[in-house]
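Hi,

Here is the structure I promised to pass on.

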Amino acid sequence: MRAAILHKTGQDTLDVRDDVVATGFGPGKVRVRLRAASLCHSDLSAMSGVLPQPAPFVPGHEGAGDVVEVGEGVADVRVGDRVVLCWMAPCGRCAHCERGRGHLCVASLRRLGAPGFRFGGDDVSGTPVEASGFYGTGAFAEEVVVDRDAVITVPADLPYELAALIGCGVTTGIGAAVHTARVEPGASVAVIGAGGVGIATVQGARVCGAGRIAVVDPVASRRERALAFGATQALAPDELKAAAKALPGGGFDYVFEAVGRSATVRAGYDAARRGGAVVVIGAGAQDDRAQFTMGELFFNEKRLLPSLYGGASVPRTMALVVELWRAGRIDLAGMVTHRVPLADVNEAVAQMRGGEALRTVVTLD
């Protein structure tokens, strides 16, 4: 089958090959024929090394397709089911899972780097090379073998490319507004970063009834595009401070940081009112440290609220997203700005790096 391989961390392009095999099928496993995958900025972060993922690996974690085979012991997923990949698969047994907080389960991280694919052979011995899938998935492949917990069933009438979107970015953004922040009707909201996660957060804040939704991004076209998804104000980064001071209370009720950098977290903190909240949803580097004084943390009582994968049970959040889509309250189709076949996946990478694409769907038919 075909798949895209990153051979070494730090490489800019992927190697699209047709000699790749999805490996590891057996008890408790599910084989999925992928139909669509969308490129998330986290894939680029894994390629560059900002997010840990041993190479070689198959990037992609926003993927949707059909179950074609189930292993022994898998009873609740059937051949023919339409599914979305879940990159933070819950074990169902740990303390987090038992509390209904399966998105915090780290069992899947213990499999980080575990082989999931095999391809070609090395130049010396001709022995096939093993590769992992990004965070246990690997959506830039025609087929993938994953643990049962790494797939979530979705309705058969949800198009593959829209189903792929909810595999990460949309679920993360909408969940952050609905579950983590619990934005109240009439609240003032700022979203820093107008990429896929940021736009999903805008839509989540709109669903919650926010009265003002300002989007902050250095790229004018991205700011303007956000207005079509429910933003009421588009700001360049140097305009955020003045916009915040002009509000009652001297800042926004909620500021969502969808970039993953300490500088924008700090800017978000400064733009929140006293008693407000800064919701951190961008995936940043391990060594990028945000700084606050103990005095300001105590005196301002601004809440710092990290939100991982929607801040709640992932199946629950995905089900909510599907319901909102079906009711016409969120726009998923409008988030797909580009489409490319797997053979042109590097074009999708370039579009994401350049800020041109909101979401590029990689078709796998």
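Let's start with Arg31, which counts as buried because its relative accessibility is 15% and the cut-off for buried is under 20%. Bear in mind throughout that this is a predicted model. The side chain of Arg31 meets that of Glu69 in a salt bridge, at 3.0 Å from N to O. Arg31 sits in strand 4 (residues 29-38) and Glu69 in strand 6 (residues 62-70), so this pair ties together parts that lie 38 residues apart in sequence. Glu69, at 31% relative accessibility, is partly exposed.

There are 16 salt bridges in the count. One that links distant parts of the chain is Arg326 with Asp157, at 2.7 Å, N to O. Arg326 belongs to helix 10 (residues 314-326), while Asp157 is in the loop between strand 11 (151-153) and helix 3 (160-165), 169 residues apart. Both ends are partly exposed: Arg326 has 47% relative accessibility and Asp157 has 46%. Within it, the side chains of Asp15 and Arg17 meet at 3.1 Å, N to O.

Now for the inside. The largest nonpolar core has 104 residues, and Phe140, Ile166, Val170, Val183, Val189 and Phe256 are those with the most contacts inside it. Helix 5 (residues 196-208) gives the most to this core, seven residues in all. What does Val189 touch, leaving aside residues up to four places away in sequence? Its contacts include Val183, Ala205, Ile213, Phe252 and Phe256. There is also a second, separate core of 15 residues, with Ile192, Ala243, Leu247 and Ala272 among them.

Helix 11 (residues 345-354) is worth a look too. Val345, Ala348, Val349, Gln351 and Met352 are its buried residues. Seen down the helix axis, they fall within an arc of 160°, so they line one face of helix 11. After helix 11 comes Gly355, with a positive phi near 80°.

Last, the surface: Met294, Leu297 and Leu304 make a nonpolar patch of about 280 Å². Leu297 is found in helix 9 (residues 294-300) and is partly exposed, with a relative accessible area of 31%.

Cheers

Note on methods:
Residues numbered from 1 in each chain as written. Predicted model: local features only at pLDDT ≥ 70, side-chain atom pairs only at ≥ 80, totals over all residues. Heavy atoms only, no water. Core = buried A, V, L, I, M, F, W, Y, C linked by side-chain atoms within 4.5 Å. Buried < 20%, exposed > 50% of the residue type's maximum accessible area, 1.4 Å probe, protein only. Helix = DSSP H or I, 4+ residues; strand = E, 2+ residues; numbered from the N terminus. Contact = heavy atoms within 4.5 Å. Arc of directions from axis to C-beta. Patch = residues over 30% accessible without salt bridge, like charges linked within 9 Å, V, L, I, M, F, W, Y side chains within 5 Å. Areas by Shrake-Rupley, 256 points an atom, 1.4 Å probe, with all protein chains shown as cover. Salt bridge = Lys/Arg side-chain N within 4 Å of Asp/Glu carboxyl O.
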